[in-house]
Amino acid sequence: MGVATPKQFCPVLERPLISYTLQALERVHWIKDIVVAVTGENIEAMKSIIQKYQHKGISLVEAGLTRHRSIFNGLKALAGGQAGSTLSKPEVVIIHDAVRPFFEEDDLLKVVRAAKDHGAAGAVRPLVSTIISPSPEGCLDHSLERARYRASEMPQAFLFDVIYEAYQRCSDYDLDFGTECLQLALKYCCTNAKLVEGSLDLWKVTYKRDLYAAESIIKEKISQEICIVMDKEEKEHVGHLLEAMLKNELNHVKVTSGVPCHAGGNIQHIILEQCYSFVCVNVMTTDFQNTQKLLDMLEQSNLSILYPVVVVSVHFLDFELGPLSQKMESLMWIREFAIEAKKRNILLCGLLINCSQDEQKLQESLRQGAIIIAALAKERNSALVGQLLVA
């Protein structure tokens, strides 16, 4: 990849890539155990990741010198009989890459069902490029008919007894130089794997540029819902105009609203539903009162452990009735709150909207505010933390 850090530990939105893959596996309720093969030098780092991001049901085994030897070590752990182990032998085992975090449960389910029927199964995708064979002199020898071939992807699934026997019987050459698990099942157990057409989400983070693509996908995923937090009085004031503008301008984003409350209420429900973008309207209340309530609730919920949470504290001022500089100066304390919030992975910034008596100016300011909010939610740029933006 061109970086010193093993790619599964490379940060994406300041969180190791492997944590996203583990999270995706943990969401699948029918997966009983997850075994991760880690090199000895990275065992402590992996334990720290599991603890920090609160992953559950993860067992670690020491990786081998090659991919196949690492997989074999994982299978040995699942075979049972090891002192102190709580793992038990499964009927079906899934083999997956730590650097493929974007699969869906349906991808896993299809290969598992096929493995139950055929003994082995693996996801495949159509080839993107034509495969050619060079001659010893570096010239074209022949090319393959692309339509007849497929790219082998992950996940793959096997009846446990099939793949474990294959690894027990395979040669040192296979363990050191082989790359395809399905081929081992065929070669040593005569199990012809079922090939399952996989989704576009099965791609593998291989190069440094893939980390940027991964970050973009994650940002897009967690910016699909924005929650507007405001009191009932504010909802009947200009706050409802901002909500309407957001819904109008961001027709691809789900916009919900809620009332801040420390004990129960719909904001807690929205947090539990894992919304990662909040717009806090401060109109009738004293400046920042609603935002402070929201920050307290977010801190108690631990929502920001997995993804950065964006909080936009919105304030209104008729620019023609009062000096803008005085209002902005009174809101400069947002920087202090933002510094503390950033320590908890909460990205807080302020937004000042012109609450003009002129309807046209008001609508334009609300529209600009909606555009700024959308950009903040999508980009999650930590460089803007503590800044007071003006619409």
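Start by selecting residues 277–282 and 309–317: these are strands E13 and E14, which pair in the parallel sense over 6 bridges. Show the side chains of Val-279 and Val-312, and you will find that Val-279 stands opposite Val-312 in E14. Keep in mind throughout that this is a predicted model.

Another parallel pair is worth a stop. Select residues 34–38 (strand E3) and 58–62 (strand E4), which pair in the parallel sense over 5 bridges. Here Val-36 stands opposite Leu-60 in E4.

Move on to helix H1, residues 17–26, and colour it by accessibility. This helix is mostly covered, with 9 of its 10 residues buried. Among the buried ones are Leu-17, Ile-18, Tyr-20, Leu-22 and Leu-25, and the polar Ser-19, Thr-21 and Gln-23 are buried too.

Now for the nonpolar interior. In soluble globular proteins, nonpolar side chains tend to be buried together. The largest nonpolar core here has 90 residues; select Met-46, Leu-242, Phe-278, Val-311 and Phe-316 to see those with the most contacts inside it. Then pick out residues 359–379: this is helix H15, which gives the most to this core, with 7 residues. A second, separate core has 27 residues, including Phe-72, Val-93, Met-154 and Val-162.

You will find it in the loop between strand E10 (194–197) and helix H8 (208–222). Is Gly-198 buried or exposed? Gly-198 is buried, because its relative accessible area is 13%, under the 20% cut-off. Leaving aside neighbours within four places in sequence, Gly-198 is in contact with Ala-123, Val-124 and Arg-125. Now draw a distance from the C-alpha atom of Gly-198 to that of Asp-172: they are 26 residues apart along the chain and separated by 31 Å.

The cysteines come next. How many disulfides does a search of the whole structure find? The search finds 0. Cys-181 is in no disulfide, and the nearest cysteine sulfur, that of Cys-170, is 10 Å away. Cys-181 is buried, with a relative accessible area of 0%, whereas Cys-139 counts as partly exposed at 47%.

Finally, zoom out to the whole chain. It has 15 helices and 16 strands, and its C-alpha trace spans about 80 × 55 × 40 Å along the principal axes. Buried residues make up 48% of the 391 residues. If you display contacts between residues at least 6 apart in sequence, 73% of them join residues at least 24 apart.

How values were computed
Residues numbered from 1 in each chain as written. Predicted model: local features only at pLDDT ≥ 70, side-chain atom pairs only at ≥ 80, totals over all residues. Heavy atoms only, no water. Core = buried A, V, L, I, M, F, W, Y, C linked by side-chain atoms within 4.5 Å. Buried < 20%, exposed > 50% of the residue type's maximum accessible area, 1.4 Å probe, protein only. Helix = DSSP H or I, 4+ residues; strand = E, 2+ residues; numbered from the N terminus. Contact = heavy atoms within 4.5 Å. Disulfide = S-S within 2.5 Å. Pairing = 2+ DSSP bridges.
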